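This briefing goes with the sequence and structure shown below. It takes up strand pairing and then the surroundings of selected residues.

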Amino acid sequence: MTDSMNMPIAARLARPELLELTPYESARRIGGQGDVWINANESPFNNNELDKLNRYPECQPVSLINAYADYSKVSADNIVTCRGADEAIELLIRAFCVPAVDSIACFGPTYGMYAISAKTFNIGVTSLTLTDDYQLPNAFAQQVENAKLVFICNPNNPTGTIMDKDTIEAAIAAMPNAIVVIDEAYIEFSAQYSVADLIPKYPNLVVLRTLSKAFALAGARCGFLMANTDIIDLIMRVIAPYPVPLPVQQVAEKALSANGISLMQQQVEALKVQGNKLSATLTEFGAKVLPANGNFILAEFEDVERVADALKQAGIVARAYKDNRLASRIRFSFSSPADTDRLIATFNTLGK
Ligand SMILES: *Cc1c(COP(=O)(O)O)cnc(C)c1O
C-alpha cells in the first residue's frame with residue numbers, strides 16, 4: 001500500500017477493473033488512410049444538408065476542444081466534452097466509484113443530480129449541510145474522508161450563493177485523497193470565481209462546465225470536464241464512443257467563436273439587469289432573497305402558498321421545493337424583460 005501513495009490520484013481512486021480495461025476502439029478512433037471509407041458500417045448516402053451527417057462523428061472533436069481551451073484558458077489536454085455537465089457527473093461516478101462500496105459527498109442544499117446519479121449506480125451519498133451563510137461546514141474534510149468524489153457547486157444551485165476562490169482552493173487542498181469536483185455551471189455569471197486556472201496545481205481537482213446556461217444551449221447537451229490528464233485518461237475509458245453529435249459540435253463551436261462569446265457576455269449582463277429588477281421587487285414585496293451569483297434568485301416567502309397560487313394564475317412556472325430547508329422558497333430564473341415585467345406585475349397585484 002505504501003507504493004500506491006506514489007501513484008497518481010486518478011489511478012489510486014479508479015475502479016480497479018478500469019485500469020486493466022482496453023478501451024473500445026471505434027472504427028472512427030482507429031481511423032486509416034484512404035478515400036474509400038467502408039470500415040464503420042455507415043451509409044454512403046448523406047440525405048441532409050449538414051456535411052458528413054452519414055458518418056460517425058469524432059469522439060472528442062478537436063476543433064470543439066480547442067475552442068473551449070481558448071475560451072477557458074485551460075489546456076486542450078485537460079478537457080473532455082460530453083453530453084452536458086450531467087453526463088460528466090455520471091462519468092466521474094462510473095470511473096471512480098465501486099457500486100455498494102464507495103460513496104460521494106456533497107453539501108446541501110445543492111444540485112440534485114450528484115445524489116441521484118450516485119444512487120442510480122448504488123453509490124452511497126454523504127450529504128453535509130452548508131452553514132447558515134451557505135459556506136462549507138466545520139470539519140467538512142474529516143466528515144467526507146471516505147468519499148471518492150466530493151462535489152461543490154459554485155455558484156451554488158439553487159441558492160445562488162458563492163464561495164470565495166480562496167475557500168474553494170483551501171477545500172481542494174484539504175481533501176488531497178478525494179477527487180474534488182467544482183461544478184461551475186453558472187461561472188459565466190461570476191467569472192472571477194473560477195478555479196479552472198488551478199487545474200495544473202491540483203491533481204485531485206475537476207472542474208465541470210456547460211453550454212446550457214450562459215451560452216443559451218440547454219437543448220444542445222454540451223458540457224465539459226476539465227482536469228489533469230490522469231483523470232482525463234480514465235474518463236476516456238468510460239465515455240461513449242461518440243458522445244458529441246455532429247450538429248451539436250457545430251452549434252457549440254459557433255457559440256464559442258469570438259462573436260458567440262461576446263454575445264454570451266452581453267446576454268449575461270442583460271440577464272443581470274433583469275435579475276436586479278426582480279430582486280428589488282421581491283425585497284419590496286417582503287421576501288427574503290439570497291445574493292444571486294448565477295442567473296436565478298432564491299426567495300423565501302412568508303406565505304409561499306399564496307405566491308405559488310398567484311404565479312400559477314399568471315401562467316408563470318418557477319421552481320418550488322419540497323426539501324425542508326427550502327420549503328418556503330421559490331427559485332426564479334432570470335429571463336427576458338417581458339417575462340420579468342410579467343413577474344413583477346404579478347407581485348405588484350399581490351401587494352404586501
Ligand atoms: C444545469 C446544471 C447542470 C447540468 O448542466 P447540463 O450541461 O445541462 O447537463 C449541472 N450542474 C448544475 C449546478 C446545474 O445547475
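**Strand pairing and selected residues**

Ala320 has Ile330, a residue of strand E11, standing opposite. The model is a predicted one, and the points below should be read with that in mind.

**The antiparallel sheet**

- Strand E10 and strand E11, the latter covering residues 329–333, are paired in the antiparallel sense, and 2 bridges connect them.
- As a general point, the strands of a sheet pair through backbone hydrogen bonds, in either a parallel or an antiparallel way.

- Strand E4, which spans residues 149–153, is mostly covered, with 5 of its 5 residues buried.
- Leu149, Phe151 and Cys153 point one way from E4, while Val150 and Ile152 point the other way, and all of these residues are buried.
- One partner of E4 is strand E2 (residues 103–108), with which E4 pairs in the parallel sense over 3 bridges; in this pairing Ala105 is found opposite Val150 of E4.
- Another partner is strand E5 (residues 179–183), which also pairs with E4 in the parallel sense, here over 5 bridges; Leu149 has Ile179 of E5 standing opposite.

- On the surface, a patch of negative charge brings together Glu302, Asp303, Glu305 and Asp309.
- Of these residues, Glu305 is placed in helix H12, which runs over residues 304–313.
- Is Glu305 buried or exposed? Glu305 counts as exposed because its relative accessibility is 56%, and the cut-off for that class is over 50%.

**Arg12 in helix H1**

- Arg12 lies in helix H1, which consists of residues 9–13.
- With a relative accessible area of 25%, Arg12 is classed as partly exposed, since this class lies between the limits of under 20% for buried and over 50% for exposed.
- Although 84 residues separate Arg12 from Phe96 in sequence, their C-alpha atoms are 9.4 Å apart in space.

Note on methods. Residues numbered from 1 in each chain as written. Predicted model: local features only at pLDDT ≥ 70, side-chain atom pairs only at ≥ 80, totals over all residues. Heavy atoms only, no water. Patch = residues over 30% accessible without salt bridge, like charges linked within 9 Å, V, L, I, M, F, W, Y side chains within 5 Å. Areas by Shrake-Rupley, 256 points an atom, 1.4 Å probe, with all protein chains shown as cover. Salt bridge = Lys/Arg side-chain N within 4 Å of Asp/Glu carboxyl O. Lys, Arg positive; Asp, Glu negative; His and termini not counted. Charge placed at Lys NZ, Arg CZ, Asp CG, Glu CD. Helix = DSSP H or I, 4+ residues; strand = E, 2+ residues; numbered from the N terminus. Buried < 20%, exposed > 50% of the residue type's maximum accessible area, 1.4 Å probe, protein only. Pairing = 2+ DSSP bridges.
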